[in-house]
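Please consult the sequence and the model shown below. A short briefing accompanies them.

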Amino acid sequence: MLQILQSKEISDSIVEKFNLPEHYEIDRNYEYYYTTLMDEYNQNVRIGKTPYEGVNIEVYDKNAQLACDMVQSILYYYNQKVRLMHEEKFGEVVAMFERALTKKEAYLDSLNVRFTQLSTEYGLTDYTAQSEQITKGYLKTMDGNGASYVNNKEVSKLKENIEAKGAEMLILQNLIISETSKYSNMKDEYEKAYMDYDRKFTYVNLISEPFPADKKAYPIRWLIVLISALASFFVAFIIILILENYKGLSKSP
């Protein structure tokens, strides 16, 4: 999380959104413009770890509300970045399943085409059931009043067809059942992966809402410089005065 929050992509987005070069009064034509801008940004935007493994974000600015808005935007761009990373990874999984499903569908279609061909050309529909009926007809052991009306010609023809294509039909039936089950399971996995890919979660557990400070963190820089300069001048003046007095006393009779 710290690595993403401190990424160039997020800092560049904040710079662009709040027009920080103008806000920090940095000339875009300056030779070291970007380095100066990032130095200023890193001084004012502080992202660190708390003692309890949380993340603390502080933004310093002359405008307290602007600083608060920048924190909100950092969180927003963080959510966007993590969502994009997840979409890229889950997108790869979704694409993998789509390729596998397309291949499986083509294989199932080829099995069904062959099954239809055997049914149409050879009259084979169910190997087990038809084998049982042919055996009864061939041995003339059919039950009921229709036992004496067995079509021996059709029975013989179907028997020949089963002998020629029955094994293939049985294999096709088992393959279609097996491949349909695999396809169904794969489709379930694909739908789960797509749900992960399509989700619009946020990835920040916000403990404390960002808020604008009600007092300054430290005085304005020019005031610090002015006070430091005046203090230095005053100390230097006192030292010079003491030295001059010392020289005057050393020359007295």
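The briefing covers the fold, the surface and two individual residues.

This is a predicted model, in which local features need pLDDT of at least 70, side-chain atom pairs count only at pLDDT 80 or more, and totals for chains, interfaces and linings use all residues. Residues are numbered from 1 along each chain as its sequence is written, and side-chain values use heavy atoms, with hydrogens and water left out.

**Fold**
- The chain has eight helices and two strands, taken as DSSP runs (helices H or I, at least four residues; strands E, at least two) numbered from the N terminus.
- Along the sequence, these elements follow the pattern α-α-α-α-β-β-α-α-α-α.
- Of the contacts (heavy atoms within 4.5 Å) in the chain between residues at least 6 apart in sequence, 71% join residues at least 24 apart.

**Surface and burial**
- The chain exposes about 18300 Å², of which carbon and sulfur atoms supply 57%; accessible areas come from the Shrake-Rupley method with a 1.4 Å probe, and for residues only the protein chains shown count as cover.
- Of the 253 residues, 26% count as buried, where buried means under 20% relative accessible area, exposed over 50%, and partly exposed in between (1.4 Å probe, protein chains only).

**Individual residues**
- Ile 238 belongs to helix α8 (residues 221–251) and is partly exposed, with a relative accessible area of 33%.
- Glu 25 lies in the loop between α3 (20–23) and α4 (33–44) and counts as exposed at 70% relative accessibility.
- The C-alpha atoms of Glu 25 and Leu 37 are separated by 9.4 Å, the two residues being twelve apart along the chain.
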